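Student: I would like a close look at a single part of this protein. Please take it slowly and keep the parts connected.

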Amino acid sequence: MVSNTNDKKKLGKGTKSVHSGTSPSENSLNTPVYQTSTFYLDDKGYKMWMAGEPRAPVYSGRYYNPTNRAVERKIADLEGAEDALVFSSGMAAICTTLINFLGQGDRIVTTRNLYGGTVGVLDQDFVRFGIDVHYVDVRDLDAVENALKEKETKILYCETVTNPLLEISDLPALAALAKKYGAVSIVDSTFATPISCNPIEHGFDLVIHSLTKMLNGHSDILGGTVAGKTKTINKIWEKLRNFGGSMDPHQASLVERGMKTLQIRYERSTETAAKLANWLEAHPKIKKVIYPGLKSHDDFELSKKILSDSGNMVSFVVNGGDDEGRKMLNNMSVASQAISLGGVESLISMPYATTHASWTQEARIAAGIDLGFIRFSTGLEDFEDLKNDFDQALSSL
Ligand SMILES: Cc1ncc(COP(=O)(O)O)c(C=O)c1O
């Protein structure tokens, strides 16, 4: 157990992944699963409850649960944040966090190049409640500044590495702009993970992750988190309590266990992804490979400033278009066709039939998602097996 706070800050991310937050009880090595909906109302809990203090230990999930708390502490330490909150899903984390800052008529400046579900809720629901959702290309810093200057803005929102184009956001520049114009800067860093990037160190106020992906890493739960300053996290906690998108303690226990191997899973899958990206780029049936570690990537230089490595996601385009891409996917046998990512197993999908299924072909192509575009999430299988799998699937085209 690592207990001294000053010493803890100096620890590496592997050590933090294993030890931070883990809360033994009755001499157990691991955090027990506090599978309970409520707690005995003792004096401490009663006083906190009556005073409206965050996390009164009286009622689970929406208020406080020690298993959830272990995950929150682990995430906060890994992100270099003061505190964190966990939610039932990434979308619950995103919506609850955004709603904390936005009311009728308020502006959020963001980009369309986000996870499709986030654009969906902004367009379908936030707009319905009179929120001014203003899209710009966040890689165009002048456009961001103009949007912030034009109207008082509550939130500047982006993703560290975008899905599925793997574009990199210039976090220090965006954080500085948000600060200059008094907006709260919030970033979804799911693809980067806290191993590769700590947005708070780059000046961002809040960092969000879908825990469903790399942090849990075993494709067996949904979860979400937000990390930042204690004062802000306590305000968002009030919204978690009100809206109720809380994590179940059994789910939290799985996330805590998954996170213990985060660093090693991330590093190994990133190493394999880099080898695959290079191999795919030289393949005659591949039109284009998009991977931040390749010199051909538009953000190759920027990625070195923002990320500590190039990540485990690889996007590429096969010659011949969507039908050829679909044929290739159907021929893969080691990698599985599925729409999620960040698991121990490699997952492969085509945005045209998944995340971008509701887009017109023209809109998709205009956004940079060419015909035959494939997204690959690298798992822990051996490089040779994955390479051979790609080779045989591509040879059928
Ligand atoms: C970048 C990103 N953010 C958020 C989410 C939403 O997370 P969840 O599915 O856990 O609600 C996803 C889901 O794919 C994602 O890819």
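Student: By class, how many nonpolar, polar and charged residues does the shell around the ligand have?

Tutor: This is a predicted model, and that applies to everything below. The shell around the ligand has eight polar residues, four nonpolar ones and two charged ones. In total, 14 residues surround the ligand, and the closest are S89, G90, Y115, S210 and T212.

S210 stands opposite G224 in β7. Strand β6 covers residues 206-210 and strand β7 covers residues 224-228; the two run antiparallel and are joined by four bridges. Strands in a sheet pair through hydrogen bonds of the backbone, in either a parallel or an antiparallel way.

The sheet is open and has seven strands, in the order β1-β7-β6-β5-β4-β2-β3, with mixed pairing. At its edges stand β1 (83-87) and β3 (132-135); each has a single partner strand, so one side of each has no neighbour in the sheet. From one strand to the next, the twist averages 20°.

Helix α10, residues 230-243, lies across β1, β6 and β7 and runs at about 20° to β1.

Contact between them involves 27 residues of domain 1 and 29 residues of domain 2.

Technical notes:
Residues numbered from 1 in each chain as written. Predicted model: local features only at pLDDT ≥ 70, side-chain atom pairs only at ≥ 80, totals over all residues. Contact = placed C-beta atoms within 7 Å. Near = placed C-beta within 6 Å. Nonpolar A, V, L, I, M, F, W, Y, C, P; charged D, E, K, R; others polar. Pairing = 2+ DSSP bridges. Axes fitted to C-alpha atoms, helices over the stretch in contact; angles between N-to-C directions.
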